[in-house]
Amino acid sequence: MHIDRRNWLKQLGIGVSGIGLANFETLVTPTADFFESVVGDSPINLNSNENPYGPSPLARAAMAKSINSSNRYNWQLTSDLVEVLAKKNKVSAKNILIGAGSTEIIDLVVRLSASTKGNLVTANPSYDNWIPTAKKLGLQAIKVPLNANKELNLEAMLQAINSDTRLVYVCNPNNPTGTICEYNKLLNFIHEASKKAIVLVDEAYLDFSKEQSLGPLVVGNKNLIVAKTFSKLYGLAGARIGYAIGEATTLEQLGGLQSWVSGSISVVSAAAALASLTDEKFMAETSALNEQVKKYTIEQLKQLNLACIPTHANFVYFSLENYKQDYFQKLSSNKIIGTRIYEEAGQWTRITIGTREEMERFIGGMG
């Protein structure tokens, strides 16, 4: 039976008319306790920088309605999502490539960079889950220490680039520190670094800051790729949806490494992403809650005489140097899942910002 694409999208409550795709307000009414977390005796996950409030009500409704259409392939929604993302990021559709989270995007960039063996340049510490794969593909990592303020040392990273460098990775804001690069300094860095290698800017947490994206700058620069995700502020980590912004010829190369270009996300995930982009109210509320609870957490950590780094993300980087108890035993006994020590000097670790109730339990457990 022939399915009219527009009618099918309309049945899901999704149509394309700019960023304001549709009025989802009639689909769901958030309950009064929507933002409350069920804590009780359940473990609290504060290690993955997930959004404790999401997905948004509109995304949940769109996902539920799209389940009945999961017998169909995703191309009917993916092309619309690409169109909307292009408009949002002030580029054209040919500058957008969809992936299963920014993880797949990073993986594709690594594989493209490793077509010729060499090295990669990254900060240390920074997001590095992808580096073991890069090494297996023949890229040796050059890790550049942060500066004294726990910020990316862009000058040192630029100096570390040599004739064998194939990839430069910039996480902005940086994970695990939460620091952000000053915009003009980052522009200068990219201008120079992209003359010598592919520069991948990971903006997974940029939505939590007030800085502008580098997405529009990819036009005319074949060596600049920006990775974005719906996993963090949009609360869709489990839906696995992200995208790359890049120059058209570069994305053609990246897409050539996918068995199905932009085909790795489900109908349900695409519907969730489209709906999320319309729910500006939820995003604003989530961002505001993150700031409020983050402020509380930092204040409490400082009262415990623990140094904290100012953060532009949904996590806090702090030092355990002055903490006299067994921090990880405290987490375990309070059923809290944390991370690890990222820097031995100063015993620096990271904690995700959860709900107020979750962070009160976290702080209470450290006493």
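Mentor: Axes are lines fitted to C-alpha atoms, for helices over the stretch in contact, and angles run from 0 to 180 degrees between N-to-C directions. The model under discussion is predicted.

Trainee: How are helices H10 and H12 oriented to each other, roughly parallel or roughly antiparallel?

Mentor: Helix H10 covers residues 280-303 and helix H12 residues 356-366, and their axes lie 10 Å apart at an angle of about 10°. Angles under 35 degrees count as roughly parallel. The orientation of H10 and H12 is therefore roughly parallel.

Trainee: Which residues of H12 make the contact with H10, and how many residues of the contact are nonpolar?

Mentor: Packing at an angle of about 10°, H10 contributes Val293, Tyr296, Thr297, Gln300 and Leu301 to the contact. From H12 come Arg356, Met359, Glu360, Phe362, Ile363 and Met366. By class, the contact has two charged residues, two polar residues and, as the number asked for, seven nonpolar residues.

Trainee: Is helix H9 largely enclosed or largely open, and which of its residues are buried?

Mentor: Buried means under 20% relative accessible area. In helix H9 (residues 267-276), 10 of the 10 residues are buried, so the helix is largely enclosed by the rest of the structure. The buried residues of H9 are Val267, Val268, Ser269, Ala270, Ala271, Ala272, Ala273, Leu274, Ala275 and Ser276.

Trainee: Which helix gives the most to the lining of the largest pocket?

Mentor: The largest pocket has a volume of about 470 Å³. Its lining comprises 25 residues, and Tyr127, Asn129, Asn175, Tyr205 and Lys232 lie nearest the centre. By class, the lining has 11 polar, seven nonpolar and seven charged residues. With four residues, the element that gives the most to this lining is helix H4 (residues 101-113).

Trainee: How many charged residues line the largest cavity?

Mentor: The structure holds two cavities of 30 Å³ or more, and the largest has a volume of about 50 Å³. Its lining consists of Asn51, Pro52, Tyr53, Phe208, Thr286, Asn290, Asn314, Ile353 and Gly354. Sorted by class, these are five polar residues, four nonpolar residues and, for the class asked about, no charged residues.

Trainee: What is the volume of the second largest cavity, and how many charged residues line it?

Mentor: The second largest cavity holds about 40 Å³ of space. Asn172, Cys181, Tyr183, Leu186, Glu203, Leu206, Glu211, Gln212 and Leu214 form its lining. By class, the lining has five nonpolar, two polar and, as the number asked for, two charged residues.

Trainee: Where does alanine 93 lie, and which residues beyond its neighbours within four places in sequence are in contact with it?

Mentor: Alanine 93 belongs to the loop between helix H3 (75-88) and strand S2 (96-99). Because its relative accessible area is 42%, between the limits of 20% and 50%, alanine 93 is partly exposed. Its C-alpha atom is separated by 9.6 Å from that of aspartate 80, 13 residues apart along the chain. Leaving aside neighbours within four places in sequence, the residues in contact with alanine 93 are Val82 and Ala86.

Terms used:
Residues numbered from 1 in each chain as written. Predicted model: local features only at pLDDT ≥ 70, side-chain atom pairs only at ≥ 80, totals over all residues. Heavy atoms only, no water. Helix = DSSP H or I, 4+ residues; strand = E, 2+ residues; numbered from the N terminus. Buried < 20%, exposed > 50% of the residue type's maximum accessible area, 1.4 Å probe, protein only. Contact = heavy atoms within 4.5 Å. 1 Å grid on protein atoms, 1.4 Å probe; cavity = no way out; pocket = protein on both sides within 12 Å on 5 of 7 lines; lining within 4 Å. Points joined across faces, edges and corners; volume = space filled by probe spheres on them. Nonpolar A, V, L, I, M, F, W, Y, C, P; charged D, E, K, R; others polar. Parallel < 35°, antiparallel > 145°, perpendicular 65-115°, else oblique.
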